[in-house]
Amino acid sequence: MNLIEKMIRAAKLEAEFYEEVEKDEEATREALLVVLIVGICSAIGTLGTGDSVGILKGLISAIVGWVLWSAIIFLVAILLNRRVGISELLRCLGFAYSPHVLNILGLIPLVGFLVYAVVFFWGLAAFVVAVRQALDCETPRAIVVVILSSIPYVIIRFAFGL
């Protein structure tokens, strides 16, 4: 299965796919590649907004965001007595970024904002599925983990201007 097929399965929120990725130690590089692709697409999508972040800054922001949120979720999981390896989280969450490739459509005037909104919530749903599979927990607990981890994540990103 190629990377595009994997990204489509991730975007379709296939729990079985996230379970496979969690166990596949070779998929960490692919998860990083997904994050890089998303960073490029998101940076391109901002070009028409007047708030262009640039490709390099988009790549750096995507990688930092991926590692940061994975680390925060890892810590929240420990606080909730859930055992998970950080590499498992990185793989699952890296693929959970897949819906964000559509941020490239932000270039389209008047439609870009709507695309960003849809992709934001779609991405959150992907994160919930990824966390649920990585932590081997029920959906309500995964939602709590995503919500609890998003608070320090957003604060840190704003504090450092990411």
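**Stop one: V128**

Select V128 and look around: leaving out residues up to four places away in sequence, V128 touches T139, A142, I143 and V146, where contact means heavy atoms within 4.5 Å. This is a predicted model, with residues numbered from 1 along each chain as its sequence is written. Local features need pLDDT of at least 70, side-chain atom pairs count only at pLDDT 80 or more, totals for chains, interfaces and linings use all residues, and side-chain values use heavy atoms, with hydrogens and water left out.

V128 sits in helix α6 (helices are DSSP runs of H or I, at least four residues, numbered from the N terminus). V128 counts as buried because its relative accessibility is 15%, and buried means under 20% relative accessible area with a 1.4 Å probe, protein chains only.

**Stop two: F127**

Now click F127. Its contacts, leaving aside neighbours within four places in sequence, are W69, I73, L93, A96, Y97 and V146. F127 is also among the residues that touch the most other members of the 40-residue largest nonpolar core, along with Y18, I73, L93, F95, Y97 and V131. Such a core is a set of buried Ala, Val, Leu, Ile, Met, Phe, Trp, Tyr and Cys residues joined through side-chain atoms within 4.5 Å.

**Stop three: α2 and α5**

Finally, show residues 15–23 (α2) and 86–96 (α5), which pack at about 140 degrees with axes 8 Å apart. To see the contact, select F17, Y18, V21 and E22 on α2, then E88, R91, C92, F95 and A96 on α5.

Conventions
Axes are lines fitted to C-alpha atoms, for helices over the stretch in contact, and angles run from 0 to 180 degrees between N-to-C directions. Helices (H or I, at least four residues) and strands (E, at least two) are DSSP runs, numbered from the N terminus. Buried means under 20% relative accessible area, exposed over 50%, partly exposed in between (1.4 Å probe, protein chains only).
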